[in-house]
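These entries record what I looked up about aromatic rings and nonpolar packing. I begin with charges placed over rings.

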Amino acid sequence: TYTVTATKLGCSSKSSSVAINVTNCSNGGGNNNCALNKVRLVFRNDCCLHRLNGAKIQGSNDGSNWTDLYTINVNADGGWQEFTFGNTTSYSSVRFQSSSQGLGELMEIEFYNNTTKLSGTAFATGGTWENNSSQYGYQNAFDGNAGGNFWQVSAAGTGNTIGLSSISGCESCTPPNAPSLSANPNT
């Protein structure tokens with residue numbers, strides 16, 4: 001709530017004569033509706049199910065410094081697996097980081113805030129992969145086909161990542177601008 005007192009030539013208005021109420025965003029002014037707190041994925045199901053164990057889910061606001069949000073501590077089971085965790089911080093980029101023995105090996109991956117599926121620009125890093133390959137390109141993990149081709153790179157390690165940047169698909173909350181006031185100086 002803002003209050004205003006106008007003063008001119010020794011005359012002042014009452015301090016309560018003008019009140020402007022600015023309502024904050026319902027989520028407290030942040031963009032917490034974009035906070036990643038659930039991941040669904042399908043790991044390759046033809047072998048190597050142990051390679052999922054040790055993979056991490058991470059978030060970043062600059063694309064360089066990544067914060068661990070969750071570490072997967074189970075083997076893949078050959079179907080959809082869901083991992084929920086208590087993150088409440090919003091990040092502009094989120095990613096899956098392979099375990100030390102992982103080669104990516106995702107049939108599908110989806111990032112969520114509760115039940116809202118997040119979207120953004122897909123990316124991947126790591127060992128050699130064929131971006132244009134219909135068999136191993138990272139776009140396979142975002143194509144909605146859990147039974148088709150998957151994303152895989154040629155060398156194992158934690159440098160193999162896949163995720164989304166420029167996160168969208170969730171409600172954003174823009175704080176209001178400060179009010180501006182004008183008056184007729186002759187009144």
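Entry 1, charges over rings. I worked from a predicted model. I found the charged end of Lys38 over the ring of Tyr112, at 4.7 Å from the ring centre. I also found the charged end of Arg95 over the ring of Trp66, 4.1 Å from its centre.

I noted 4 aromatic pairs in the structure. For Trp66 and Phe123 I read a centre separation of 6.3 Å and an angle of 40° between the planes, so I recorded the pair as tilted. Trp66 belongs to the loop between strand E6 and strand E7, and Phe123 to strand E12, so this pair ties together parts 57 residues apart in sequence. I looked up the burial of Phe123: its relative accessible area is 18%, and it counts as buried.

I then turned to Tyr70 and Phe85, a stacked pair with centres 5.2 Å apart and 20° between the planes. Tyr70 lies in strand E7 and Phe85 in the loop between strand E8 and E9, 15 residues apart. Tyr70 is partly exposed at 22% relative accessibility, whereas Phe85 is buried at 12%. I noted that ring pairs join Tyr70 and Phe85 with Phe83 in a cluster.

The largest nonpolar core has 29 residues, of which Leu36, Leu41, Leu52, Phe96 and Leu106 touch the most other members. Strands E5, E9, E10 and E14 each supply at least two residues of this core. I listed contacts of Leu106 beyond four places in sequence; among them are Leu41, Phe96, Phe150, Trp151 and Ile162.

Note on methods: Residues numbered from 1 in each chain as written. Predicted model: local features only at pLDDT ≥ 70, side-chain atom pairs only at ≥ 80, totals over all residues. Heavy atoms only, no water. Core = buried A, V, L, I, M, F, W, Y, C linked by side-chain atoms within 4.5 Å. Buried < 20%, exposed > 50% of the residue type's maximum accessible area, 1.4 Å probe, protein only. Helix = DSSP H or I, 4+ residues; strand = E, 2+ residues; numbered from the N terminus. Contact = heavy atoms within 4.5 Å. Phe/Tyr/Trp six-rings, centres within 6.5 Å; stacked < 30°, edge-to-face > 60°. Lys NZ or Arg CZ within 6 Å of the ring centre and 35° of its normal.
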